[in-house]
Amino acid sequence: MEADEARASRAADSSIYRGLALLRESDLLGNSEVKAVAVETDIADSCATALRCLKAGKHIHLDKPGALVHDEFKAMRLEAEKLGLTVQMGYMLRYNPAFELLFRAVREGWLGEITEIDAAMGKLADSGTRRKLGELEGGGFFELACHITDAVVTLLGKPKAVHAFSTPTTSDGMKDNQLAVLEYAKATASLRCNHADPFGGPRRRFNVTGTKGTFEILPLETGKVNLSLTESHGGYTKGTQTLNLNVPKDRYIGEFTDLAKIVRGEKKLAWDAAHDIAVHETVLRGAGVWR
């Protein structure tokens, strides 16, 4: 469904949607055979749209980061819990094989106590992207670095403090060069988001260091991992090894496969409301929106 007529017309002409019927929102949400809805709207409308879907009894896949205002996001996410419905946030690293292995390694203690995380997710933004992101108070970090923020909170939980830095490279009003430092009791996480980096893609990384090992993913979505361990774990040997994990061509397959299992009642989502609320707050703080 698409309420904006101009966008609906463009969608109808695209190869992806050509031949598919354009439904009104009431038709979609009133259809009892529809069990889940993917919500991808302008960020200002996403949370209200998600809430309407939830009140219609639908599970939802919600595009990141979910809302401009934290109280609105929190209320929506808690309402889903109250209704017994799933909100799957569209954080694309959750189902990446390298991150799945990282989550397992930390959960099972392969790396010991985590002391630091160093992550970066940038790119060279064109003029259109700069104009769009310039309209967001949180800039590039809010729109893009939310992915790596979700991964950090998955590993370490909600930070006790967040320190945000912004050093814009131009005067066009966009926050394009940002750093957030997340403070934990025994660890720090530094998250960079640079939209003025001509080699932003290949430089994207996620490095976790603990008292018994390190886990480096570089570049971010390639499945290339440098794993160093002081002890053997999970079939991996003591010392340093380079892994090349198989990553599906479509990064979203894992998300919707998992959502289908949830809709069928075969499992519950691994990320609950408390997690998503903590991520949203941390993203806002990291983007310098909420101090």
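This is a predicted model: local features need pLDDT of at least 70, side-chain atom pairs count only at pLDDT 80 or more; totals for chains, interfaces and linings use all residues.
User: Okay, where is Arg-77 found, and does it count as buried or exposed?

Analyst: Arg-77 is found in helix H4. Arg-77 counts as buried because its relative accessibility is 2%, and the cut-off for buried is under 20%.

User: Which residues is Arg-77 in contact with, leaving aside neighbours within four places in sequence?

Analyst: Val-87, Trp-271, Asp-272, Ala-273, Asp-276 and Ile-277.

User: Let's do strands. How do I read the two faces of strand E9?

Analyst: General idea: in a regular strand the side chains alternate between the two faces of the sheet. Now the case here: strand E9, residues 213–217, has Gly-213, Phe-215 and Ile-217 on its covered face, with Thr-214 and Glu-216 on the uncovered one.

User: In which sense does E9 pair with E8, and with E10?

Analyst: E8 (residues 205–210) and E9 pair in the antiparallel sense over five bridges. Phe-206 stands opposite Ile-217 in E9, and a hairpin of two residues joins E8 to E9. E9 and E10 (residues 224–229) are antiparallel too, over five bridges, and there Glu-216 has Asn-226 as its bridge partner.

User: What about the hairpin of E9 and E10: how many residues lie between the strands?

Analyst: Six, and in that hairpin Gly-223 takes a positive phi near 85 degrees.

User: Last one, pockets. How do I read the second largest pocket?

Analyst: General idea: rolling a probe the size of a water molecule over the atoms shows where empty space is left. In this model, the second largest pocket holds about 290 Å³ of space. Its lining has 16 residues, and those nearest its centre are Glu-81, Leu-85, Thr-86, Lys-268 and Leu-269.

User: Which element gives the largest share of that lining, and what is the lining by class?

Analyst: Helix H4, residues 70–83, gives the largest share, with three residues. By class, the lining has seven nonpolar, four polar and five charged residues.

Key
Residues are numbered from 1 along each chain as its sequence is written. Side-chain values use heavy atoms; hydrogens and water are left out. On a 1 Å grid over the protein atoms alone, a cavity is a set of points where a 1.4 Å probe fits but cannot get out, and a pocket is an open set with protein on both sides within 12 Å along at least five of seven lines; lining residues have an atom within 4 Å of a point. Grid points are joined across faces, edges and corners, and a volume is the space filled by probe spheres set on the points. Helices (H or I, at least four residues) and strands (E, at least two) are DSSP runs, numbered from the N terminus. Ala, Val, Leu, Ile, Met, Phe, Trp, Tyr, Cys and Pro count as nonpolar, Asp, Glu, Lys and Arg as charged, and the others, Gly among them, as polar. Buried means under 20% relative accessible area, exposed over 50%, partly exposed in between (1.4 Å probe, protein chains only). Two strands pair if DSSP finds at least two bridges between them. Contact means heavy atoms within 4.5 Å.
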